[in-house]
Amino acid sequence: MESYKKLRAKLLKNKEFRKAYDELGPEFELIGMLIEKRLKKGLTQAALARKLRTKQSAIARLESGTSNPTVGSLRKVAHALDAKLTVVIS
């Protein structure tokens, strides 16, 4: 995870990248939390997929930001990770 943080810090120095990153902030934050929680639980994408009775490719799409998950599906993922889903609009 440390190499991701270093790469992100380097890329954020670019103004255009920073603007796009800020606009996608909530998506990146969610993806980062999901990956971090999965790794802390010691699960691979395939192992998480088995817990959810889905395919590894579905987890890959979720973690890459190329899917548009529903609150219900995020709740299922959170449950599989022994986590709680909280949604805040401020």
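Visitor: Why is Lys41 called partly exposed?

Guide: In this predicted model, Lys41 has a relative accessible area of 37%. Buried requires under 20% and exposed requires over 50%, so a value of 37% places Lys41 in between, as partly exposed.

Visitor: What makes the contact of Asp82 and Lys41 a salt bridge?

Guide: The side chains of Asp82 and Lys41 meet at 2.9 Å, N to O. The cut-off for a Lys or Arg nitrogen and an Asp or Glu carboxyl oxygen is within 4 Å, and therefore the pair qualifies as a salt bridge. This pair links distant parts of the chain, with Asp82 in the segment after α6 (71-80) and Lys41 in the loop between α3 and α4 (45-52), 41 residues apart.

Visitor: Is Asp82 buried or exposed, and how do you know?

Guide: The relative accessible area of Asp82 is 54%. Because exposed means over 50%, Asp82 is classed as exposed.

Visitor: How do you know that Lys40 forms a salt bridge with Glu36?

Guide: The closest N and O atoms of Lys40 and Glu36 are 3.2 Å apart. That distance is within 4 Å, so the pair is counted as a salt bridge. Both residues lie in helix α3 (residues 25-40), 4 residues apart, about one turn of the helix.

Visitor: Why is Lys40 called exposed, and why is Glu36 called partly exposed?

Guide: Lys40 has a relative accessible area of 65%, and exposed begins over 50%, so Lys40 is exposed. Glu36 has a relative accessible area of 37%, which lies between the cut-offs of 20% and 50%, and therefore Glu36 is partly exposed.

Visitor: Why is Ile89 called exposed?

Guide: Ile89, found in the segment after α6, has a relative accessible area of 82%. Exposed means over 50%, so Ile89 is exposed. With Val71, Leu85 and Val87, Ile89 makes a nonpolar surface patch of about 410 Å².

Note on methods. Residues are numbered from 1 along each chain as its sequence is written. This is a predicted model: local features need pLDDT of at least 70, side-chain atom pairs count only at pLDDT 80 or more; totals for chains, interfaces and linings use all residues. Side-chain values use heavy atoms; hydrogens and water are left out. Helices (H or I, at least four residues) and strands (E, at least two) are DSSP runs, numbered from the N terminus. Buried means under 20% relative accessible area, exposed over 50%, partly exposed in between (1.4 Å probe, protein chains only). Patches are made of residues with over 30% relative accessible area and no salt bridge: like charges are joined within 9 Å, nonpolar side chains (Val, Leu, Ile, Met, Phe, Trp, Tyr) within 5 Å. Accessible areas come from the Shrake-Rupley method with a 1.4 Å probe; for residues, only the protein chains shown count as cover.
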